[in-house]
Amino acid sequence: MVRKIRVYGDPVLREKARPAGAPDAELRKLARDLLDTLDSADGVGLAAPQIGVSRRVIAVHPPPDEDGVREEPRIYVDPEVVECSGGEEGAEEGCLSIPGVYEVVKRPRQVLVRATDLNGEPFETRAAGIVARILQHEIDHLDGVLFVDRVGPMRRALLKRRLREFQT
Ligand code: ZN
């Protein structure tokens with residue numbers, strides 16, 4: 001089911017989400033809703049708090065590669081960044097919860113993410129480039145962190161008024 005995407009100013013986006021818990025029917029429903037909502041918004045990543053559920057679950061659907069091939073979307077339950085490497089890189093990011101705002105954010109180039117799937121099976125993903133960026137952005141959501149928190153102080157000051165507009 002496509003759910004309403006919460007926007008900046010909604011307190012659920014600032015909560016630290018609780019562990020996803022057992023891979024039960026409720027969790028599978030949440031995963032389905034995340035995928036439906038991500039697809040309908042034509043996004044590349046979505047975290048459960050963005051649809052109002054404070055549980056540690058994210059959906060990631062990287063954009064097509066240079067050959068136009070697009071991977072299937074993937075659900076990560078209780079995802080954790082366990083290793084960063086390759087130095088940092090700045091690139092522009094946006095967020096479905098902060099529509100119209102795009103800023104350059106510096107993040108580690110490569111990450112190793114540990115998570116479980118919907119059957120409770122653990123897996124690890126080593127990601128670089130855009131996939132590494134999406135994973136970090138979505139995992140931040142589970143800790144109540146938004147990409148605008150990670151821009152430099154100058155840009156942040158300039159953003160202040162625009163962000164306030166979301167809250168009225
Ligand atoms: Zn986001």
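**Figure 1. Salt bridges in the model.** The count of salt bridges comes to 16. The structure shown is a predicted model.

**Figure 2. A salt bridge between K29 and D33.** The closest N and O atoms of K29 and D33 are 2.9 Å apart. Both residues belong to helix 1, which covers residues 25-41. They are 4 residues apart, about one turn of the helix. K29 has a relative accessibility of 33% and counts as partly exposed. D33 has a relative accessibility of 0%, so it counts as buried, the cut-off for buried being under 20%.

**Figure 3. A salt bridge between R109 and E89.** In this pair the closest N and O atoms lie 3.7 Å apart. R109 is partly exposed, with a relative accessibility of 34%. E89 is also partly exposed, and its relative accessible area is 34%.

Figure 4. The side chains of R133 and E93 meet in a salt bridge with an N to O distance of 2.7 Å. R133 lies in helix 2 (residues 129-142) and E93 in strand 3; the two are 40 residues apart, and the pair links distant parts of the chain. Both R133 and E93 are buried. Through salt bridges that share partners, E93, R107, R133, D140 and R150 are joined into one network.

**Figure 5. The largest nonpolar core.** This core has 16 residues. The residues with the most contacts inside the core are I58, V60, Y76, V113, A127 and L135. At least two residues of the core come from each of strand 2 (57-60), strand 4, strand 5 (122-128) and helix 2. Helix 2 supplies the largest share, 6 residues.

**Figure 6. The surroundings of I58, and another core.** Leaving aside residues up to four places away in sequence, I58 touches L34, L46, A47, R74, I75, Y76, P79, L135, E138, I139 and L142. Apart from the largest nonpolar core lies another core, of 14 residues. Among its residues are L27, L34, A59 and V77.

Methods:
Residues are numbered from 1 along each chain as its sequence is written. This is a predicted model: local features need pLDDT of at least 70, side-chain atom pairs count only at pLDDT 80 or more; totals for chains, interfaces and linings use all residues. Side-chain values use heavy atoms; hydrogens and water are left out. A salt bridge is a side-chain nitrogen of Lys or Arg within 4 Å of a carboxyl oxygen of Asp or Glu. Buried means under 20% relative accessible area, exposed over 50%, partly exposed in between (1.4 Å probe, protein chains only). A nonpolar core is a set of buried Ala, Val, Leu, Ile, Met, Phe, Trp, Tyr and Cys residues joined through side-chain atoms within 4.5 Å. Contact means heavy atoms within 4.5 Å.
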